[in-house]
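User: I have a model open and would like to go through it with you. Could you help me read it step by step?

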Amino acid sequence: MGTKRHFRVWRGDSAGGDIEDFDVEVNEGEVVLDIIHRLQATQTPDLACRWNCKAGKCGSCSMEINGKPRLGCMTRMSTFEEDETVTITPLRTFPVIRDLVTDVSFNYDKARETPAFAPPPGVAPGDYRMQQVDVERSQEFRKCIECFLCQNTCHVVRDHEENKAAFSGPRYFIRAAELDMHPLDDRTDRKEYAQSHQGMGLCNITKCCTEVCPEHIKITDNAIIPMKERVVDRRYDPLVWLGRKIFRRDQLDGDGENMAPSSSVGVTDVAKGAPFTTNRGPEGPEVREDGRMDVTEVTLPTQGGPSPFGDQQFPLPSGRVAYQPPAPQYGVHDDGQDGDHGTDGHHQGH
Ligand code: SF4
Ligand code: SF4
Ligand code: FES
């Protein structure tokens, strides 16, 4: 036999809305998504909410529960006090479509902007084999279910629509790191690209993204920090600077022929016996004639703010919940065309 519990659910659309109160039956073992389904079945048949798997694997049911970005299907009702009011609001970083459904196409635009996997020319899929040792570092990032909770949490874009054009967000920093660590990826500029084009310089390592990741991916420690450190190493390491002064480029970098990728021990059967060519070019940005290097990271105008947690009191006063962000500006690409803001088939469900 269940108990009656008090729920507050934000309802509305892009024109605005408000929090509505409900008393709903809750049974042992249920999760927040169960309660939303019961609301749909008994009181609010038109309450909009995305979900697909109810197993924490599709990444569809992202929402904010008592102000914290969570998956509805993985948040057990037993984690709340018996008499605690549970407030459910849509993801705050993305424009609301209706009720708990937001338009997350910002993330798909950023996915398109991320440079794709770039294997060496002449190596076709199936022509190479990788061993576990080659994929261990980047395998963690493949667990991402694209729930976008990390994107929603990051203070760089949460409540800062103006930063979206310049910031890809933590989900795409781990994608960049994953490809950078891939032994067959031929691009050598992923770290610099992340810094200069994907806005990694705006990240001040608050670790809020790591805190909310339902897959427990160590976004900051294992992806962002190594990427940032290696950009800094290349730019500011005095030995690298000295080496470049003393040796010629060809003495430092080799000609690329038969150079193994970072952990070549696992790469076998490359292109049916053809020599492996990485075509890796000179590493990192140049030291200028005056011996100095660009300091893009430390001169960026936007400073990090406080953690998004702790700035909310629950239940929310309804006046504070007004989801009317400005029209997205981030979808304009280099070719001047607007991005595709249509819904993506990955996150469908009601
Ligand atoms: S560490 Fe903080 S600033 Fe950096 S991406 Fe994660 S949430 Fe954003
Ligand atoms: S990194 Fe984690 S929080 Fe971010 S989209 Fe992937 S699974 Fe979700
Ligand atoms: S329904 Fe929650 S992650 Fe799939």
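Analyst: Happy to! pLDDT is the predictor's confidence in each residue, from 0 to 100. Helices (H or I, at least four residues) and strands (E, at least two) are DSSP runs, numbered from the N terminus. This is a predicted model, where local features need pLDDT of at least 70, side-chain atom pairs count only at pLDDT 80 or more, and totals for chains, interfaces and linings use all residues. Residues are numbered from 1 along each chain as its sequence is written, while chains are lettered from A and ligands numbered from 1 in the order in which they are written.

User: Which helix has the lowest mean pLDDT among the elements of the protein chain?

Analyst: The protein chain averages a pLDDT of 77, and 66% of the residues score at least 70. Helix α1 (residues 32-42) has the highest mean among the elements, 97. At the other end, with a mean of 39, is helix α11 (residues 296-299).

User: Over which residues does pLDDT stay under 50, with 22 contacts beyond four places in sequence?

Analyst: Two residues are in contact if their C-beta atoms, placed from the backbone, lie within 7 Å. Where pLDDT is low, the predicted coordinates should not be read in detail. The stretch with those 22 contacts is residues 295-312.

User: Which element gives the largest share of the shell around ligand 1?

Analyst: A residue is near a molecule if its C-beta atom, placed from the backbone, lies within 6 Å of it. Of the 15 residues around ligand 1, Cys154, Pro170, Cys203, Thr206 and Cys209 come nearest. Both α7 (208-212) and α8 (219-236) supply at least two residues of this shell. The largest share, 3 residues, comes from α8.

User: And which residues come nearest to ligand 2?

Analyst: Helices α4 (149-153) and α5 (170-180) each supply at least two residues of the shell around ligand 2. Of the 15 residues there, the nearest are Cys144, Cys147, Leu149, Cys150 and Cys213.
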